[in-house]
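Before reading on, take a moment to look over the sequence and the fold together. The paragraphs below are meant to be read with both in view.

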Amino acid sequence: MDTNLIYEKTAAGEEAMRQRTRLVQRHLRMVLILVDGRTSVADLGEKVGNEQLVESALSELEKDGFIAPVLEQPSVWDKGTAVVQKVKEVALGQLSAFGGNSRQEEVQVVPAAQEAVAPVASPAETAPQAGSAPADKPPTVAWLAGWSTQTEASAEGGKASRPKKVPAGEETGIRPIRRGGRAPRGPLGKALWGVCAALGLALAALLLYPYDNHRPEVEAVLTRMLQQPVKAARLHATFLPHPGLVLEGVHVGQGEGIAIGSVRFLPQLGQWRTLKQVEVRGVSLPLPVLASVSEWVQGARAAAVVFPAIELGEITLQLGGQSLGPLAGTLVPEGAAMPLRLSLHDEARTLSLDLTQAPGGMQLSLEGLGWEPVKDSHLRFDSLNAQGLLTRDGLRLSSIDSRTLEGQVSGSLSLNWNGGVRLETDLVLKHLSLARLNQLLLGGAKGEGQVDASLRLSGRAAEWSRPLSLAQGEGSFVVNRGLLPVDLAEAVRRASSEPLRGGETRFEQLGGKVRVDLLGKRFYDLQLTAGLLRASGVAAVNVDGSLGGSLDVQVGGKGNVLRMPLTLGGTLEAPVLRGGRR
């Protein structure tokens, strides 16, 4: 088989590609797929890696009428030869039309490298002299310059005919090559250039205008709006990402105050207090300040400033040394039927905060989905929903409902910062993982089970910079189907005062009460049930992580009971049991 052959699919081959049942042999179908009307037999063999298989398959496919050789196409050389032949024929026709005799002129096509251009005689040199005998007209090359000549009979019979110029492409099919040149600039072009020049001058004027001279006036308006002194470092124009004026290095208030990175705004032409766009970026705000947002909007009205929704970016909320951010969102001023609304969210949109103007403050709605208050911490809220009221004096969350630590946490929280800091919260815990709770509160102490609890916590501090003094809490808890990292049964069996480390005790239920204060956590009224083992007593986890406490353990039924007092010591990472007989 000729390896230079190129095959293409026939109609039957295309139909066989659509109907898989027509070709059941895998190697035939594979080769049929590769046939594309451009690849030769040799190339197909290289693709498949088996030339004999390809040639055999092609022969069988051709025999069955699925493929056929591609008809030979004229080469580039053949096409060029045809064009040259056409040029020769047209040239001979033009020469015979002007020669006046039947003499054939031989036209030779000379390669471009050897071609010499002969000077063309002017019309005065080639015109016949008066009274002389008509001579043969020399061959003309006007048709190569874009025009062909034809004789045109005059309306009067006795007058000689004169040549008529006809565009060459109309009779020969060969279009002249016209080289582009610079066209003269018309009125439209001049007008366009004028508009461009005017725009350039306007842009230069906008860039060079001394906007910073108006900075004191802008500072005065902002001071009236916020009812606090406002200073800025610079006022200038910008065009990226969109045009507007930018006020940079803004400081609100006295002392540390509030620092704002930039305020971008676009005033309406001729009315600079009517703003079309406003964008505020790079702000660190104490949470109590948000309660004054409605007063800022009222101050803007008093200053005759009109603005649409304000875009916010890189916002950080501060509370008690903790920060929440960066956040982004919008501030929408109140309308005819809508109250003022401030919406913020984090970059991943795992947390959203909505504040709506309400009597006495701002109604707050907090929603979270997969939110981590502290990145890479052990606390993650699978879902969080909180409703409350933010005022100048504090924050009151009347409803908290969350899914975290494999369970549910609900309750309420009250935080007051007027004349000091006071915190009160009531929480209800259901089905929380003891292992994850220990990891969060006790630094990774071992333990398993599901925790149900109710807690009431409170605390005070003179200011945010100091820890909550008199912080305390109390509540009750029950742990079901859990594990303790001490072996109570082995300690009873040994009945020795020697320290026992390691081991574990699985139990059905562990219940009791808890008290939390600055010294640590105290567990009392403990009751543990683990099959035939019963235990009761108290335990403590001190601030430094050390353990203490005593347990009364009994093993056995009614007729045979073994009772043993145990003491608890060591640390959370390595608890120790010691026993002794009464």
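Predicted model: local features only at pLDDT ≥ 70, side-chain atom pairs only at ≥ 80, totals over all residues.

The protein averages a pLDDT of 78, and 75% of the residues score at least 70. Confidence is highest in strand 15, at 95, whereas the lowest value belongs to helix 6, residues 123-126, where the mean is 42. Over residues 97-174 the pLDDT is below 50, although this stretch has 69 contacts in the model beyond near neighbours in sequence.

The structure holds two cavities of 30 Å³ or more, and about 690 Å³ of space lies in the largest cavity. Of the 33 residues that line the largest cavity, L222, M225, L226, V280 and I310 are the closest to its centre. Several elements give two or more residues to this lining, among them helix 9 (215-226), helix 10 (293-302), strand 7 (244-252) and strand 10 (310-319). Which element gives the most to the lining of the largest cavity? Strand 9 does, with seven residues. By class, the lining of the largest cavity is made up of 31 nonpolar residues, one polar residue and one charged residue.

The second largest cavity holds about 40 Å³ of space. Its lining consists of E490, A491, R494, S496, E498, L500, L577, R578 and G579, with helix 12 (488-494) and strand 27 (575-579) each supplying at least two residues. Here the classes are three nonpolar, two polar and four charged residues.

W371 lies in strand 14 (residues 361-371) and F381 in strand 15 (residues 381-390), so the pair ties together parts that are ten residues apart in sequence. Both W371 and F381 are buried.

The pair formed by F477 and F523 is edge-to-face, with 5.8 Å from centre to centre and 85° between the planes. F477 belongs to strand 20 (residues 469-484) and F523 to strand 23 (residues 520-530), so this pair ties together parts that are 46 residues apart in sequence.

The last stop is N416, which lies in strand 17 (residues 407-416). N416 is partly exposed, with a relative accessible area of 22%. Leaving aside residues up to four places away in sequence, N416 touches D393, G394, V421 and R422. N416 and R460 are 44 residues apart in sequence, and in space they are 9.6 Å apart, C-alpha to C-alpha.

Definitions and conventions: Residues numbered from 1 in each chain as written. Heavy atoms only, no water. Helix = DSSP H or I, 4+ residues; strand = E, 2+ residues; numbered from the N terminus. Buried < 20%, exposed > 50% of the residue type's maximum accessible area, 1.4 Å probe, protein only. Phe/Tyr/Trp six-rings, centres within 6.5 Å; stacked < 30°, edge-to-face > 60°. 1 Å grid on protein atoms, 1.4 Å probe; cavity = no way out; pocket = protein on both sides within 12 Å on 5 of 7 lines; lining within 4 Å. Points joined across faces, edges and corners; volume = space filled by probe spheres on them. Nonpolar A, V, L, I, M, F, W, Y, C, P; charged D, E, K, R; others polar. pLDDT = per-residue confidence, 0-100. Contact = heavy atoms within 4.5 Å.
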